[in-house]
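Please read it with the model open.

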Amino acid sequence: MKTITCDVAVIGAGTAGLSAYRQARAAGRHAVLIEGGPYGTTCARVGCMPSKLLIAAAEAAHAVAAAPAFGVHPGPLRIDGAAVMARVRRERDRFVGFVLENMAQLPAEDMVRGQARFSGPRTLVVDGHTTVEAAAIVIATGSRPIVPAAWRAAGERVISSEAVFEWTDLPAAVAVVGSGVIGLELGQALHRLGVRVALYARGDSVAQLGDPLVLAAARAVLAEELDLRFQTQVAAVEAEGDGLLLRSQGADGAARSERYDYVLAAIGRAPNVDGLNLAAAGIALDGDGVPVYDRHTMQCGNSAIFIAGDASDELPLLGEAADQGKIAGRNAAAFPAVEAGLRRTPLTIAFSEPQIVTLGAGYEELCRSHEGRFAAGKVDFADQGRSRVMLQNKGLLRVYGEYGSGRFLGAELIGPRAEHLGHLLAWACQAGLTVRAMLDMPFYHPVIEEGVRTALRELAEHLASTPPPSQPCPDCTPGT
């Protein structure tokens, strides 16, 4: 068996792993990168980029359908499913190609192919052919979609989101199970491209929302377009001919059976840590088998083991993976001299329409950390000027501020072009601005950002008054 001795061993060559490896190399350390799966990040291959390609096609179709409301009549809408998916795959491959080109420039001697397992706190065995002895190790093994075994038994037409981007044509009917970001984005996109879609959810949650008012607005707005089935249990998925039969039970107890071409499981992702033989690593694990770590240093206990990206089971987002990888790689290279790294203001975007954004501290978090010490302001986009001009006047924004300091704490919203509002507010949050300072900033007319000003004005009025007596926040526990 071959033996490699190095300063830093990074398990996983995705976004987090590559970031960690480059940090270690930048620090002058000898680092190796171990990967047992395909090269090319999750984002480029099966995540954010191909999903946005599908969403872009759906937006084009929706624009044609919505045009008559402006007095513009483009003619009958025709969707060429094969052409849609050909572009998705072609552009997806282009993005993956950029990643592969960058990886090809890495030193060949730093690349180790195979599945790594711990054989000791600082020792890895890779597929029985190589032993890696490292002064520090970074776990960046990513995550995988969760598909219940009972559903998988129905055959290959029970899929995860990753399989969607291999389609060569659009199917006639798809059941999407899960109302999180992935399920909502793909479900709405497929619906707008002419696929019959039903979206099943065990609870009442939508994407990452926790504010009960914004959540209620999101459910109402999205239900105008989508077949949303909240409080519905999937009882069984069975093969039937060349399709699938999905049996479900609604909140009223009524049973229902429907046939689909595919059942898309979008109920979450599991960190890829179960195959690492973590028992040999000598580190503490949480109840789900994920290493316990410090989110500011990414260090697992006091060990020479660090974790980053989806494997950490914190925030499965590309920006977070890159930041965590940077912190983990830098600290692995400097071990035992470990320092806290920059963790940016949380920002999550669902590219539905309207878009859904959360940033900074969310409502549920504030109910725990600032009970009785925070206020909220809101704006309904129904009558917001620029939104009405564009016929995108749907949704609600809630902004939060701290009594006493007047500091802006965060926001939750569903609204038009919310990705841009989200960045604006996230920057203000990370800069530590007060609500009053934000209101002193320039606002042009007519723009959607004027709606942000409306919400901030209401929030400022609340913060200027005496805080109300502390009362428990309403139960807004999210469903699945």
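1. The model is a predicted one. C43 has a relative accessible area of 12%, so C43 is buried. C48 has 27%, so C48 is partly exposed.

2. How many disulfides does a search of the whole structure find? The search finds one disulfide. The two cysteines in question are C43 and C48, whose sulfur atoms are 1.9 Å apart. The angle about the S-S bond is -135 degrees, and the link of C43 and C48 is left-handed.

3. Two other cysteines deserve a remark. C6 is in no disulfide; for C6 the nearest cysteine sulfur belongs to C300 and is 17 Å away. With a relative accessible area of 6%, C6 is buried. C429 is likewise in no disulfide, the nearest cysteine sulfur being that of C367, 16 Å away. C429 has a relative accessible area of 14% and is buried.

4. Turning to the rings, the structure holds seven aromatic pairs. One of them joins W167 and Y262; this pair is tilted, with 5.0 Å from centre to centre and 40 degrees between the planes. The pair links distant parts of the chain, 95 residues apart. W167 is in the loop between α6 (161-164) and β9 (173-177), while Y262 is in strand β15 (residues 262-265). Are W167 and Y262 buried or exposed? Both are buried.

5. Another aromatic pair is that of Y363 and F374, which is edge-to-face: the centres are 6.1 Å apart and the planes make an angle of 80 degrees. Y363 belongs to helix α10 (residues 363-369) and F374 to strand β20 (residues 374-380), so the pair ties together parts 11 residues apart in sequence. Both Y363 and F374 are buried. Together with Y400, these two residues form one aromatic cluster.

6. Which charged ends sit over rings? The charged end of R157 sits over the ring of Y262, 4.8 Å from the ring centre. Y262 is also the partner of W167 in the tilted pair. The charged end of R113 sits over the ring of Y39, at 4.4 Å from its centre.

Key
Residues numbered from 1 in each chain as written. Predicted model: local features only at pLDDT ≥ 70, side-chain atom pairs only at ≥ 80, totals over all residues. Heavy atoms only, no water. Phe/Tyr/Trp six-rings, centres within 6.5 Å; stacked < 30°, edge-to-face > 60°. Helix = DSSP H or I, 4+ residues; strand = E, 2+ residues; numbered from the N terminus. Buried < 20%, exposed > 50% of the residue type's maximum accessible area, 1.4 Å probe, protein only. Lys NZ or Arg CZ within 6 Å of the ring centre and 35° of its normal. Disulfide = S-S within 2.5 Å.
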